[in-house]
Amino acid sequence: MKYLQTILACGLLLAGMPAQAQVTERERPEEWKNLVTGGRFADRFEAMPQGQLSDKNWGCADVQPRYVDNGIEREDLSFWGGNILKGDDGRYHLFVCGWKENSPRGHMFWSKSTVFHTVADKPYGPYHIVNSIGKGHNPEAFRLTDGRYVVYVIDGCYIADRLEGPWLYSRFSFDPRDRRIIEGLSNLSFASRPDNSKLMVCRGGGIWVSRDGLSPYQQLTDKRVYPAVEGEFEDPVIWRDELQYHLIVNDWLGRVAFYERSLDGLHWVVEDGEAYVPGISRHADGKVENWFKYERPKVLQDEYGRVTQMNFAVIDTIKWEDLPNDRHSSKNICIPMNRGLRMEVRNTAPIGPKTKKIELLIKGDADGRPLADLDFASLRFGTHSEVNYGRGAKAVKAVPQGNDLLVTFQGKDSGITDEEFAPKLIGAYKDGQLAFGYARLPYLNYKPALLSARLPVAQDGGMAVEVQNFGLSASEPCTVSVTLNGQLLGRTEVRVLQPYEAVTCSVPSVTYRPQEKDVVEVCFERAGNVFERNTLVVEPKQEKK
């Protein structure tokens, strides 16, 4: 995709304002104009619940009037970041950072912020502070298998047995595993894997895994997993539902975010269209709380992992214009989401161009809309690149099965290939509301093996390569090959590895003497095809943090 930039506030440079304060709008790809409703992640945002509407508060005209009881806001405090956990008490707990509104340097006092534990009876607020945890910024909370709670902050974390505390400050440790750390380790976001281990993405777009969420986070990627487009990326948020992984990353300068999905958390596909943009916070009557910036997105999930709500840090102006004792400030807002349908394909054979029909079971939720309300003729099913543009397989029959609905689609036009892991449905209910979802394929392993190598080390007669399986299923036997600066040095066989198991393989080679900045490539092959490629750069040894 080619992006063009239009500077909307060119006078900022003349005024000597920091480069980060520039307002840039990136032109969208021309084909995005053809996306249908439901093709963009942004189409899933719903109207904010009706609350206390007021225009007698801080903020510019674009955010007046607004629901002052949505999320958390106060006249004396500026808030930023934070995510929500539903506690065992049935209440909602938002961990958010903040600082006094009249603090020196205004918004730029964020580096001195405090993490607050706030509570609400409803997911969208209002949230009220019950205590402070400690100093820190960009908090993100999650729960460990043993029931303890962790609140990550930049450069550290707090751990407690209960949400009420007491909280003990600690630090994560990180093992880059001979890979470069892109843009440092900040703005981390975490997703739980099926075995309750943690998958983490850092600000730079590297993917890391920790077996228990506290032990060293180990880096699996050698490059960022973000879209291959121009952008100043930050604020990644990652999560997993019962089917797949999801990731949203924000281009803070272009004020547009991107949406990706993954089967294993390591290899990602990007869906066209905006994940979110300014103006997504709207009321039922169409009124928009038009915040200047929407950052630090976080998700609230249901028991199946579907997103029911997103919350954002928002500010009504450029951050550098939020000064002490003025009318500008920031808060955290909550926006409900269309959580989508749960679905599974009933075909047992892989779907392809010769498939005559596709049977899709749409599961009914006890508290969801009746499936009888679906507009049958509107349904399209297939790969996202087809369905998002209004194409895809058409429905030909629907048969109720208890609370579920079995829908038969034409086999042609789905666009599904062997690369597909979660085909998509887009349609509408009879009242015009969006219906969408992703389907499980019965012939795929949704907990695949993930083989990853470390930098080979020289030994007599060749080299030694450590290979580890970071996946959640046993691997299959394969071949590993090593090249140095593009020259093949040797190959050997790797046996079956159980989840998390590591083995050191000897690779016969005439010579292996890599120098700093040499590029070593370790490839995993099966039946002559490379299925994984690790690019490792020889650098001075990096210290573990």
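In which order do the four strands S18, S19, S20 and S21 form an open sheet, and what is the pairing? The order is S18-S19-S20-S21, and the pairing is antiparallel. The model is predicted. Its secondary structure amounts to two helices and 39 strands. The radius of gyration is 25 Å against the 24 Å of the globule rule for 545 residues, so the protein is as compact as a globular protein of that length.

**Overall dimensions and packing**

- Along the principal axes, the C-alpha atoms of the protein occupy a box of roughly 75 × 60 × 50 Å.
- Of the 545 residues in the protein, 56% are buried.
- Among contacts with a separation of 6 or more, 56% are between residues 24 or more positions apart.
- The protein has an accessible surface of about 23,600 Å², and carbon and sulfur atoms contribute 49% of that area.

**Sheet S18-S19-S20-S21**

- This open sheet holds four strands in antiparallel pairing.
- Strand S18 (233–240) and strand S21 (268–271) are its edge strands, and each pairs on one side only.
- From one strand to the next, the twist averages 25°.
- Strand S19 (residues 245–251) is paired with strand S20 (residues 256–262) through seven bridges, in the antiparallel sense.
- Within that pairing, His-246 has Arg-261 in S20 as its bridge partner.

- Strand S38 (residues 519–526) runs antiparallel to S39, and eight bridges join the two.
- Glu-521 has Thr-535 in S39 opposite it.

- How many of the seven residues of strand S7 (residues 114–120) are buried? Seven of the seven are, so S7 is largely enclosed by the rest of the structure.
- In a regular strand, side chains alternate between the two faces of the sheet.
- In S7, Thr-114, Phe-116, Thr-118 and Ala-120 point one way, while Val-115, His-117 and Val-119 point the other way; all are buried.
- Strand S6 (residues 92–100) is joined to S7 by seven bridges and runs antiparallel to it.
- Cys-97 is the residue opposite Val-115 in S7.
- Strand S8 (residues 128–135) also pairs with S7 in the antiparallel sense, over six bridges.
- Thr-118 has Ile-129 in S8 as its bridge partner.

**Strand S29 and its partners**

- Strand S29 (residues 404–410) has five of its seven residues buried, so S29 is largely enclosed by the rest of the structure.
- Six bridges link S29 to strand S26 (residues 357–363) in the antiparallel sense.
- Strand S28 (residues 393–401) is likewise antiparallel to S29, with six bridges joining them.
- Val-407 in S29 is the bridge partner of Leu-360, and Ala-398 stands opposite Val-407 as well.
- S28 and S29 form a hairpin with two residues between the strands, where Gly-402 adopts a positive phi near 65°.

**Loop residue Asn-187**

- Asn-187 sits in the loop between strand S13 (174–175) and strand S14 (189–192).
- Its relative accessibility is 6%; Asn-187 therefore counts as buried, the cut-off being under 20%.
- The side chains of Asn-187 and Asn-138 are joined by a polar contact of 2.7 Å.
- Apart from neighbours within four places in sequence, the contacts of Asn-187 include Tyr-152, Ile-154, Cys-202, Arg-203, Asp-235 and Arg-296.

**Loop residue Arg-495**

- Arg-495 is located in the loop between S36 and strand S37 (502–508).
- With a relative accessible area of 44%, Arg-495 is partly exposed.
- Its side chain makes a polar contact of 2.9 Å with the side chain of Glu-501.
- Not counting residues up to four places away in sequence, Arg-495 touches Ser-475, Glu-501 and Val-503.
- Arg-495 and Arg-224 are separated by 271 residues in sequence and by 29 Å in space, C-alpha to C-alpha.

Methods: Residues numbered from 1 in each chain as written. Predicted model: local features only at pLDDT ≥ 70, side-chain atom pairs only at ≥ 80, totals over all residues. Heavy atoms only, no water. Pairing = 2+ DSSP bridges. Buried < 20%, exposed > 50% of the residue type's maximum accessible area, 1.4 Å probe, protein only. Rg over C-alpha atoms; globule rule 2.2 N^0.38 Å. Contact = heavy atoms within 4.5 Å. Areas by Shrake-Rupley, 256 points an atom, 1.4 Å probe, with all protein chains shown as cover. Polar contact = N/O pair within 3.5 Å; in protein donor to acceptor, adjacent residues only side chain to side chain. Axes fitted to C-alpha atoms, helices over the stretch in contact; angles between N-to-C directions.
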